[in-house]
Amino acid sequence: MEVAKDVRSAAVGMSGGGGVDQQRKDLESVCEKVSALVSGNAVVVFTISGCCMCHVVKQLLFGLGVGPAVVELDREASGGPILALLHRLGGGKAVPAVFVGGKFLGGIETVMACHINGSLVPLLKNAGALWL
């Protein structure tokens, strides 16, 4: 599964120090949780409540008729480790993190660029998030 590969590769190097076995188990659990969410939904948006860029991405998707799975990390029990994983996956910008069709699309810049250049709607259709 491609998303599992992306998520696991981002996780490389996140653990260190004492209790390596426990950290590895925790990291595997976070990877499995993110992979399950992403592969089980056409569109997933990881956000932090109150983040204006997260709000913009959600409003854009809702406006296009997409009902994404939204995970607000500050209200999630495992939000901290997921945020750290997304930070590595997103090249330093953790949220918003948008996954479409089981693949990491990117953050606000990528989503807006895809919207402006006309590639976002076909992406969403191919993922099964839009039918029109």
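1. K58 counts as buried, at 14% relative accessibility, where buried means under 20% relative accessible area, exposed over 50% and partly exposed in between, with a 1.4 Å probe and protein chains only. The model is predicted, so local features need pLDDT of at least 70 and side-chain atom pairs count only at pLDDT 80 or more, while totals for chains, interfaces and linings use all residues. Residues are numbered from 1 along each chain as its sequence is written, and side-chain values use heavy atoms, with hydrogens and water left out.

2. The side chain of K58 meets that of E72 in a salt bridge, 3.5 Å from N to O; a salt bridge is a side-chain nitrogen of Lys or Arg within 4 Å of a carboxyl oxygen of Asp or Glu. This pair links distant parts of the chain, with E72 in strand β2 and K58 in helix α3, 14 residues apart. Helices (H or I, at least four residues) and strands (E, at least two) are DSSP runs, numbered from the N terminus. R75 is exposed, with a relative accessible area of 64%.

3. How many salt bridges are there by this rule? The count comes to three, and one of them joins the side chains of K33 and E76 at 2.4 Å, N to O. Because K33 lies in helix α2 (residues 20–39) and E76 in the loop between β2 and α4 (79–89), the pair ties together parts that are 43 residues apart in sequence. K33 is partly exposed at 33%, and E76 is partly exposed at 27%.

4. Helix α3 has twelve residues and reaches 16 Å from its first C-alpha to its last, close to the 16 Å expected at 1.5 Å a residue; the expected span is 1.5 Å times one less than the number of residues. In α3, the residues C54, V57, K58, L60 and L61 are buried. They lie on the same side of α3, because they cover an arc of only 160 degrees around the axis, the arc being that of the directions from the helix axis to the C-beta atoms. On the other side of α3, C52 and G63 are exposed.

5. In helix α5 (residues 108–117), the buried residues include I108, V111 and C114. Their arc around the axis is only 140 degrees, which puts them on the same side of α5, whereas I116 and N117 are exposed on the other side. The buried residues of α5 pack against α3, β3, β4 and α6, with contact meaning heavy atoms within 4.5 Å.

6. The structure holds two aromatic pairs; rings of Phe, Tyr and Trp (its six-membered ring) pair if their centres lie within 6.5 Å, and planes under 30 degrees apart count as stacked, over 60 as edge-to-face and the rest as tilted. F46 and F99 form an edge-to-face pair, 5.8 Å centre to centre and with 80 degrees between the planes. F46 is buried at 0%, F99 is buried at 1%, and F46, F99 and F104 form one aromatic cluster.

7. The structure holds zero disulfides, a disulfide being a pair of cysteine sulfur atoms within 2.5 Å. For C51, the nearest cysteine sulfur is that of C54, 3.1 Å away.
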